[in-house]
Amino acid sequence: MNKPNLTTTALTILRVIAGFLFAAHGWQKFNEFTIAGTQASFAQMGVPGASAVAPVVATLELVGGIALIIGLLTRVFAALLAVNMLGALFLVHAPAGIFVGNDGYELVLLFAGAALALALAGAGRISADAALFGRPGSKLHALA
């Protein structure tokens, strides 16, 4: 069994699926809910600074999700997305319990875990990060 190939495959699958779902949620905040609607929803949920936070979150989810899909600055965007999801967990979803059907935290915890795993492990060999920063001796090798 070739473990490096399995690890590359696993990271690519995780990165692309998590990136797609983050991007979809960001797109939804812009296009289905609209930023004004997202701001109102965040305010109703008790998110501090909802009018400023909503466009930042929507942009982070959309741009960060696309970055994860292509594997660009994966560790940076994944860390930011993990913080975003932990904020959603603690500020909004924790009081409702685990299950998403009750507005619980299961989905945001799963998103946070996926993002944290990518922040720690990186994008893998099949990524823009590996192509741009993966050369040994590169000053930005830590991004790969």
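Residues are numbered from 1 along each chain as its sequence is written, and side-chain values rest on heavy atoms, with hydrogens and water left out. Because the model is predicted, local features need pLDDT of at least 70 and side-chain atom pairs count only at pLDDT 80 or more, whereas totals for chains, interfaces and linings use all residues.

**The largest pocket**

The largest pocket holds about 690 Å³ of space. A pocket is defined on a 1 Å grid over the protein atoms alone, as an open set of points where a 1.4 Å probe fits, with protein on both sides within 12 Å along at least five of seven lines, and its lining residues have an atom within 4 Å of a point; the points are joined across faces, edges and corners, and the volume is the space filled by probe spheres set on them. The lining comprises 28 residues, of which Lys29, Phe42, Met45, Ala88 and His93 lie nearest the centre of the pocket. Helices, here DSSP runs of H or I with at least four residues, numbered from the N terminus, contribute as follows: α1 (3–31), α2, α3 (50–70), α4 (74–93) and α5 (106–121) each supply at least two lining residues, and α4 gives the most, with 7 residues. By class the lining has 16 nonpolar, 9 polar and 3 charged residues, where Ala, Val, Leu, Ile, Met, Phe, Trp, Tyr, Cys and Pro count as nonpolar, Asp, Glu, Lys and Arg as charged, and the others, Gly among them, as polar.

**Nonpolar cores**

The largest nonpolar core has 20 residues, and those with the most contacts inside it are Phe22, Leu68, Leu81 and Met85; α1, α3, α4 and α5 each supply at least two residues of this core. A second, separate core of 5 residues includes Phe42, Val47, Ala54 and Val57. Such a core is a set of buried Ala, Val, Leu, Ile, Met, Phe, Trp, Tyr and Cys residues joined through side-chain atoms within 4.5 Å. Leaving aside neighbours within four places in sequence, methionine 85 is in contact (heavy atoms within 4.5 Å) with Phe22, Glu61, Val108, Phe111 and Ala112.

Threonine 38 lies in helix α2 (residues 35–45) and, not counting residues up to four places away in sequence, touches Lys29, Phe33 and Ala54. Threonine 38 is 31 residues from threonine 7 in sequence and 37 Å from it in space, C-alpha to C-alpha. Threonine 34, in the loop between α1 and α2, and leucine 73, in the loop between α3 and α4, have positive phi values, near 70° for threonine 34 and about 50° for leucine 73, although neither is a glycine. The table gives accessibility, with buried meaning under 20% relative accessible area, exposed over 50% and partly exposed in between (1.4 Å probe, protein chains only).

| Residue | Relative accessible area | Class |
|---|---|---|
| Threonine 38 | 2% | buried |
| Threonine 34 | 35% | partly exposed |
| Leucine 73 | 31% | partly exposed |
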